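Me: I have a model open and would like to learn how to read its side-chain contacts. Could you take me through them?

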Amino acid sequence: MVYVGIPKGQADQEEEVLKTIQDGDSDELTIKRFTESREKPGALWHIYAAKDTEKIREFLKKVAEEQGQENPVDHDPIHDQSWYLDRSLRKRLHQEYGVQGWAIVQFLGDVVFIPAGAPHQARTSDIVHNLYSCIKVAEDFVSPEHVKHCFWLTQEFRYLSHTHTNHEDKLQVKNVIYHAVKDAVGILRANESSLSRP
């Protein structure tokens with residue numbers, strides 16, 4: 001989070017931000033960072049374990065059906081980012097499916113890493129709920145430990161409609177694997193003579 005802009009002369013907005021942080025199930029230490037340390041909160045995240053993805057997907061489809069919405073085969077309630085799990089839906093998800101996420105308030109200067117495949121909240125058209133005007137820098141990163149999961153996500157995207165924003169392979173996992181292997185082979189060849197010594 002590289003910038004958080006707090007408007008001057010809007011004292012009531014601080015109360016609203018505090019309420020949002022509290023309603024977002026943030027812990028006491030996070031609330032103290034805002035109330036006592038006077039740090040600038042920029043965004044509220046809700047992140048879930050990747051292993052709970054199918055349960056969350058099933059829950060969102062169930063809620064959509066209850067509200068009379070269709071669940072087309074070529075759409076996905078998680079990848080569509082059309083849901084925001086408010087406090088009551090988060091509570092219901094926990095009660096009915098045993099799924100509980102983590103609430104993270106990102107303050108000015110904080111970095112948030114999201115594990116591969118971990119569903120995370122979409123409150124606005126972006127992936128987080130902005131508390132104040134802010135600028136954040138996002139970067140996709142594929143670690144060797146998560147290549148398998150990233151490849152699985154890429155395969156999942158292929159089943160979305162061709163007009164879906166996530167239909168394309170944004171991570172380029174096959175290219176990452178190719179270049180990693182190419183670099184490893186290049187390093188081995190460059191050091192071949194030193195590797196063959198007893």
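Predicted model: local features only at pLDDT ≥ 70, side-chain atom pairs only at ≥ 80, totals over all residues.

Me: How many aromatic pairs does a search of the whole structure find?

Reply: Rings of Phe, Tyr and Trp (its six-membered ring) pair if their centres lie within 6.5 Å; planes under 30 degrees apart are stacked, over 60 edge-to-face, and the rest tilted. Here the search finds one pair. The ring centres of phenylalanine 59 and tyrosine 97 are 5.7 Å apart with planes at 75°, so this pair is edge-to-face.

Me: Is phenylalanine 59 buried or exposed?

Reply: Buried means under 20% relative accessible area, exposed over 50%, and partly exposed in between (1.4 Å probe, protein chains only). Phenylalanine 59 is buried at 0%, and tyrosine 97 is buried at 16%.

Me: What about salt bridges?

Reply: Side chains of opposite charge can pair when their charged atoms come close. The rule asks for a side-chain nitrogen of Lys or Arg within 4 Å of a carboxyl oxygen of Asp or Glu. The whole structure has 12 salt bridges. One of them joins arginine 57 and glutamate 54 at 2.4 Å, N to O. Arginine 57 is buried at 6%, whereas glutamate 54 is partly exposed at 47%.

Me: Which residues are linked in a network of salt bridges?

Reply: Lys19, Asp23, Asp25, Arg87 and Arg90 are linked that way.

Definitions and conventions
Residues numbered from 1 in each chain as written. Heavy atoms only, no water.
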